[in-house]
Amino acid sequence: MLSKKMIDGTELVVFDMEWNQPFSGKTVSNEIAVLPGEIIEIGAVRYEYSDGRLNRKGTFSCDIRPVVYKKLHYHVMKITHKTDADLKKGIGFEEAAARFREFTEGADLLVGWGNSDPKILKNNLKFFGLDDHLGMDFLDLQPIFSVFCGQPGQQKSVEFAVDYYNIQKQDIFHSATADARYTGEVFEEIFNHNKPAEVISAVSSSSVNPDMPTEFSFTGSDVDEAEACFAEVSDKILICPLCSRKLTGTINPFRIRKSQYALLNCTEHGDMFCRVRAKRRTGGKYYAAAVMRFATQNDYYLVASKKEEFDKYGSKGAPIPVPEPAPETDE
Ligand SMILES: [Zn+2]
């Protein structure tokens, strides 16, 4: 939650980024695991809030030359209309990050459309050996817009929001610079068309700290049998990864085939989703791979449906349906 409410003088930065991605099918290297996307453009607009309105203070735009994924993925090429030659014109990520840092200096809130940009930004900062703390809260404006346009829970594109408010279209969409500008204008319109107190309240309750981890994974030691994996980490999954408090089972750990599920509760941090998988090494030994994260609506649904399966069929799980024989064809 936002540590302080928006008041006159609060400054915020609306930003958007484009990133290139590796081609699938290539040998999976360590790079893909640590760098799922390499940033190639950052666009941003800085605002100051005053008297129920957002006032534009400055803009930021920067093209970045990728060093890992140098060839544009066809999907990225299609949506961004960039070319391989464009990529070469950019500056290095370190310099771009320093300039962006300078642009956001002293702001209270970062705003984006969708929740993936802060993750990719932190990921790139870390990859390039830079400080990955963003140091301010992040607001995903997309669900806020859905609420104020009367369609809560629906995912809308920036373009939809731009049309909704009759914002003049000057640039193509899917350039970070244009999308940051459009997102900012949508935010301006949300303030213009609603009671500022209501917008501020929605902003406060939806802002998150992007520097706090939301997912934790760890592995157990090697054991001889798949069955033994679960016992090996059974104590470890009952400790809150954030505060080390003892977790209690909202839905106690249960196992279906090679996966164990649980919904655990920390009195301080709320519900955590937990899944442990028994994995086999090439040498034949087994180990547990555990994932714990703050439970989302999808996680509640997943654990509840797996529990239903477990209650009905036990740890063997529902019988796997026998595939229908392929229809015979005359050729
Ligand atoms: Zn905790």
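What is the handedness of the crossing of H6 and H9? In this predicted model, the crossing of these two helices is right-handed. The report below describes this helix pair, then the domains of the chain, and finally a sheet.

**The helix pair**

Two packed helices are described by the angle between their axes and the distance between the axes. Helix H6 covers residues 141-148, and helix H9 covers residues 196-206. Their axes come within 10 Å and cross at roughly 145 degrees. On the H6 side, the contact is made by Pro143, Ile144 and Val147. On the H9 side, Ala202, Val203 and Ser206 take part. Sorted by class, the residues of this contact comprise 5 nonpolar and 1 polar, with no charged residues.

**The domains**

The domain assignment of the protein chain gives domain 1, residues 11-206, and domain 2, residues 216-316. A distance of 34 Å separates the C-alpha centres of domain 1 and domain 2.

**The sheet**

Strands of a sheet pair through backbone hydrogen bonds, either parallel or antiparallel.

| Strand pair | Sense | Bridges |
|---|---|---|
| S6 and S10 (residues 286-294) | antiparallel | 5 bridges |
| S7 and S8 (residues 259-266) | antiparallel | 6 bridges |
| S8 and S9 (residues 270-280) | antiparallel | 8 bridges |

Where S6 pairs with S10, Thr219 has Ala289 of S10 as its bridge partner. Between S7 and S8, which are joined by 6 bridges, Ile256 stands opposite Ser259 in S8. For the pairing of S8 with S9, the bridge partner of Tyr261 is Arg275, which belongs to S9.

Which residue takes a positive phi in the hairpin of S7 and S8? That residue is Arg257, with a phi near 50 degrees, and the hairpin has 2 residues between its strands. S8 and S9 also form a hairpin, with 3 residues between them.

Methods: Residues numbered from 1 in each chain as written. Predicted model: local features only at pLDDT ≥ 70, side-chain atom pairs only at ≥ 80, totals over all residues. Domains from an automatic or database assignment. Axes fitted to C-alpha atoms, helices over the stretch in contact; angles between N-to-C directions. Helix = DSSP H or I, 4+ residues; strand = E, 2+ residues; numbered from the N terminus. Left-handed = near helix turned anticlockwise from the far one by under 90°. Contact = placed C-beta atoms within 7 Å. Nonpolar A, V, L, I, M, F, W, Y, C, P; charged D, E, K, R; others polar. Pairing = 2+ DSSP bridges.
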